[in-house]
Amino acid sequence: MNWLLASLVMFVSSIVYYLITKKAQVNKIESKLYLVVNFSIPALLYFLLCKLNHVNVFIDWKFLGEIFLIALFLNYVGSTFSYFAMIEAPNAGYSVVVQKSYAIFTSVAAIYLFRSTLTIKNYLAILTIIFFTALLTIDPKAKISFKNYKWVVYSLIAFFCFGFLRLGNKLVISAGVPTMAFLFWSMVFSAIICAVDLIVHKKSIKTKLTQENVLILIGIGVAVSAFYYFLQVADVTAPNIGYSNAINTASNAFYTVLVALIFKDHLSWKKFLAVLGVTAGLILLVV
């Protein structure tokens, strides 16, 4: 599949996924339950796709070990802090923009890991992204403290986790693991880790599984399945992994506006211009 087409589908599914996730947070669906669904439904769907496309899910033990470590230290940790960051941020879109700005990190890293190219124009694009991301996250009226910038700290942790996650995923797939088989095992390990966490803390879980909440959780699972799959396809086929990551980040300009309109999250003109600035920088990075 052409990487631009894959990126377009990923772009749309990303917006849908984060909007449903925001609804889950409004309904106070706890993170431990959300994460189990976030990985278990994709695992099932990817298994079915492997069978339909005759993809062998049995891979070398060495790769299984690498995928497990990626799932534990990058996917699980990154997803956990991402969820908390969205809750703490004045607008969930602000947090997601910061989290997904890892394109500036993966673009540079790809030069050394995959011998990708990065022009002077793209360096300028990266500087633009950094500048507007700073405007987005820094509030001159807020006292510098962990409480006031908790969402920024959580977002940055997710930023590095997701950045290393994208690079780690591509390294394993480039070594010969089929994309669908990789996604299946990544989701299986992530789901197991989250299920163990849920079982250990089951007494503290207060979320009620109403019909609405069940539908929300199913929606999250389906939307994230499309998002993960087409993001991975775009990552593997793009001339520089940072390009597909940049398009992924650009989707959050739309998400930031939609979450303000639908859920009445904070959205000042200054912050909105900062989101547009980040998006402009990302577009400059890929054109």
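Student: Which residues does Ser31 touch, not counting residues up to four places away in sequence?

Tutor: This is a predicted model, in which local features need pLDDT of at least 70 and side-chain atom pairs count only at pLDDT 80 or more, while totals for chains, interfaces and linings use all residues. Residues are numbered from 1 along each chain as its sequence is written, and side-chain values use heavy atoms, with hydrogens and water left out. With contact taken as heavy atoms within 4.5 Å, and leaving out residues up to four places away in sequence, the partners of Ser31 are Tyr83 and Phe84.

Student: Is Ser31 buried or exposed?

Tutor: Ser31 lies in helix H2, residues 31-52, where helices (H or I, at least four residues) and strands (E, at least two) are DSSP runs numbered from the N terminus. Buried means under 20% relative accessible area, exposed over 50%, and partly exposed in between, with a 1.4 Å probe and protein chains only. Ser31 has a relative accessible area of 11%, and therefore counts as buried.

Student: Which residues of H4 meet H7?

Tutor: Helix H4 (residues 92-99) and helix H7 (residues 150-174) have axes 8 Å apart and pack at an angle of about 35 degrees; here axes are lines fitted to C-alpha atoms, for helices over the stretch in contact, and angles run from 0 to 180 degrees between N-to-C directions. On the H7 side, the contact involves Trp151, Ser155, Leu156, Ala158, Phe159 and Phe162. The H4 residues that meet them are Tyr94, Ser95, Val98 and Gln99.

Student: Why can H8 be called largely enclosed by the rest of the structure?

Tutor: Helix H8 covers residues 179-200, and its end C-alpha atoms are 32 Å apart, in agreement with the 32 Å that its 22 residues should span at 1.5 Å a residue; the expected span is 1.5 Å times one less than the number of residues. H8 is described as largely enclosed because, of its 22 residues, the number buried is 16.

Student: What radius of gyration does the chain have?

Tutor: The chain contains eleven helices and zero strands, and 55% of its 287 residues count as buried. The radius of gyration is taken over C-alpha atoms, and the globule rule is 2.2 Å times the number of residues to the power 0.38. For 287 residues a compact globule would have a value near 19 Å, which agrees with that of the chain, 18 Å.
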